[in-house]
Amino acid sequence: MIKRIILSKNYLFWTIFHVLLGVASSLSPFGLIIWFYLVVGTSFLTIIRIKNVFPFIIFITYLTSFELLARMSQTSPFIPYELGKYLLCLMLIIGVFKFGFNSYLGLIMVVLILPSIFFDLSGKVDKQGLIFNLMGPINVGLAIWFFYGKSITKIQLIKLLRISLLPLISVLSSIIFKSPSYDELEFTLGASFATSGGGGSNQVSTLLGIGIFISFLFLINKWKITGNRILDFGLFFLFGFQGLLTFSRGGIIGGVLGILVILFFIMLSAESDKRRYKLPKLGKIFVLAAILLMITFQVADNLTGGLLGLRYLGETEGTLAGTKEKSIDSITTGRFNIFMEDLELWEENLVLGVGVGASSYLRGGSQFYLSHVELSRLLSEHGILGLLYFIILMYLMIRLIKSKKPPMEKGILVALFLIAIYTTFHAAMRTYLTPWFIGLSLMEIKYPKLGSKISKKEVSKEAHQPV
């Protein structure tokens, strides 16, 4: 089944299919459950047997991307609530043994965070709390261990991005189908659960922001999502519009960050490189996308009576009423205070921290609140070892930025890494997105006939070669 989706030229059919899958999952969880296990049943043995790593990566990407839709559709226990964590962990371990690895850095990162499992200064962390807090950073380490140095072609990268967008289209259609009539909506200066389709607004916003970023990539490079240019622009608009209506800012800012990184690398390129690699000209497409983004924000802001603009300015009900002072903590919805209290815990437990999951029980003013910033959680719960873990991440990011790659491919990989790191500062490592994006960003992209012009015929031919 995975191979059929990869090789299909009928992009519109698979787009419509995933729109309908999203609608069906809003009515009953069994449509998604059946499709999920149909894909697993028809693809798992095939991708385990073959020696080509690309279908294996596609398999992981496609299925883990259903994590949020499964939560929204309440498919548990048939599809686990934290599907991405478990599936990623299993498949990445299989991948390391099947396809080998090119660096021990990921394994070192996993080892660094294990000691804090064996003690708990709060005495209140249960097994579920351990898994909840630990699986994210473990999966990041495993993703780096598996993905680092793996090679795919540029055409395979395009296929990978396209197939990763399909489950996001299902999420988008499910949210739109579930959302009440706009006349019935009452917006406030807080996250809107009514426009999040039953999912956490922060996680929904994060995935919709990814939808904005990936659809922009396809638009600016004139790659096909649906096969119809107008429909592709429509998807770009809908990802942005529905993402803004969640009133959760982090994910949308992440998507825009990715777009800015791509534009930066294009503008930074010398004219000779722009011709050599046939980079998109920042002309009509960029202007049209920029105008569409502004229109999207304006339409959403008008629909919310101007509250959306105030939300992005960091205003709250309290700051507008004058009962609360506008501060970094109010702008970050309490995240800054949690961050600072985590640092205080680290200062008191410098070497090994307070233990996995214990920080939320030991803080003062933010007691029982989960850390939304992974860096402060690593420091407070893992101590110096958590700091070393984060230093390795920064080392990999610097290496990636300094690497020599064609501008567009480098821009995409750097954008994926930066979006992943940025996401850890507002949603920690609680979804599949951070390990997945960090892993993908560390792959090598083989550019066909580097230094020469690539004809559309050659690209088309490679795009439909067997995987």
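Q: What makes the pair formed by the side chains of Ser174 and Ser26 a polar contact?
A: This is a predicted model. In it, the side chains of Ser174 and Ser26 are joined at 2.9 Å. A polar contact requires a pair of N or O atoms within 3.5 Å, so the pair of Ser174 and Ser26 at 2.9 Å counts as a polar contact.

Q: Where does Ser174 lie, and which residues does Ser174 touch?
A: Ser174 belongs to helix H9, residues 154–178. Residues up to four places away in sequence not being counted, Ser174 touches Gly22, Ser25, Ser26, Leu69 and Met72.

Q: What makes the packing of H4 and H9 roughly parallel?
A: Helix H4 (residues 53–64) and H9 pack at an angle of about 20 degrees, and their axes are 9 Å apart. Angles under 35 degrees count as roughly parallel, so H4 is described as roughly parallel to H9. The crossing of these two helices, H4 and H9, is right-handed.

Q: Which residues of H4 and H9 meet?
A: From H4 come Phe54, Ile57, Ile58, Thr61 and Tyr62, and from H9 come Gln156, Lys159, Leu160, Ile163, Ser164, Leu166 and Pro167. By class, the contact of H4 with H9 holds eight nonpolar, three polar and one charged residues.

Q: How do you know that H8 is roughly parallel to H20?
A: Helix H8 (residues 127–147) and helix H20 (residues 374–402) pack at an angle of about 15 degrees, with 12 Å between their axes. Since the limit for roughly parallel is under 35 degrees, H8 and H20 fall in that class. The crossing of H8 and H20 is left-handed.

Q: Which residues make the contact of H8 with H20?
A: H8 contributes Asn133, Leu134, Pro137, Val140, Gly141 and Ile144, while H20 contributes Glu374, Arg377, Glu381, His382, Tyr389, Leu393 and Leu396. The residues of this contact of H8 with H20 divide into seven nonpolar, three polar and three charged.

Q: How do you know whether Arg377 is buried or exposed?
A: The relative accessibility of Arg377 is 2%. Buried means under 20%, so Arg377 counts as buried. Arg377 has its place in helix H20.

Q: What makes the pairs of Arg377 with Glu381 and of Arg377 with His382 polar contacts?
A: The side chains of Arg377 and Glu381 are joined at 2.5 Å, and those of Arg377 and His382 at 3.4 Å. The limit is a pair of N or O atoms within 3.5 Å, and therefore both pairs qualify as polar contacts. Leaving aside its neighbours within four places in sequence, Arg377 is in contact with Asn133, Pro137, Asp342, Ser371 and His382.

Q: What puts Glu82 in its accessibility class, buried or exposed?
A: For Glu82 the relative accessibility is 9%. The cut-off for buried is under 20%, and so Glu82 is buried. Glu82 is found in the loop between helix H5 (67–73) and helix H6 (83–99). Its neighbours within four places in sequence aside, Glu82 is in contact with Glu67, Arg71 and Phe132.

Q: Which peptide bond is cis?
A: The bond from Ser76 to Pro77 is cis, with omega near 10 degrees. Pro77 lies in the loop between H5 and H6.

Q: Why does Thr333 count as partly exposed?
A: Thr333 is at 46% relative accessibility. Buried means under 20% and exposed over 50%, with partly exposed in between, so Thr333 is partly exposed. Thr333 is in the loop between helix H17 (328–331) and helix H18 (335–348), and its phi is near 55 degrees, a positive value in a residue other than glycine.

Q: How do you know whether Ala428 is buried or exposed?
A: Ala428 is at 2% relative accessibility. Buried means under 20%, and therefore Ala428 is buried. Ala428 lies in the loop between helix H21 (407–423) and helix H22 (433–441), and has a positive phi of about 50 degrees although Ala428 is not a glycine.

Notes
Residues numbered from 1 in each chain as written. Predicted model: local features only at pLDDT ≥ 70, side-chain atom pairs only at ≥ 80, totals over all residues. Heavy atoms only, no water. Axes fitted to C-alpha atoms, helices over the stretch in contact; angles between N-to-C directions. Helix = DSSP H or I, 4+ residues; strand = E, 2+ residues; numbered from the N terminus. Parallel < 35°, antiparallel > 145°, perpendicular 65-115°, else oblique. Left-handed = near helix turned anticlockwise from the far one by under 90°. Contact = heavy atoms within 4.5 Å. Nonpolar A, V, L, I, M, F, W, Y, C, P; charged D, E, K, R; others polar. Buried < 20%, exposed > 50% of the residue type's maximum accessible area, 1.4 Å probe, protein only. Polar contact = N/O pair within 3.5 Å; in protein donor to acceptor, adjacent residues only side chain to side chain.
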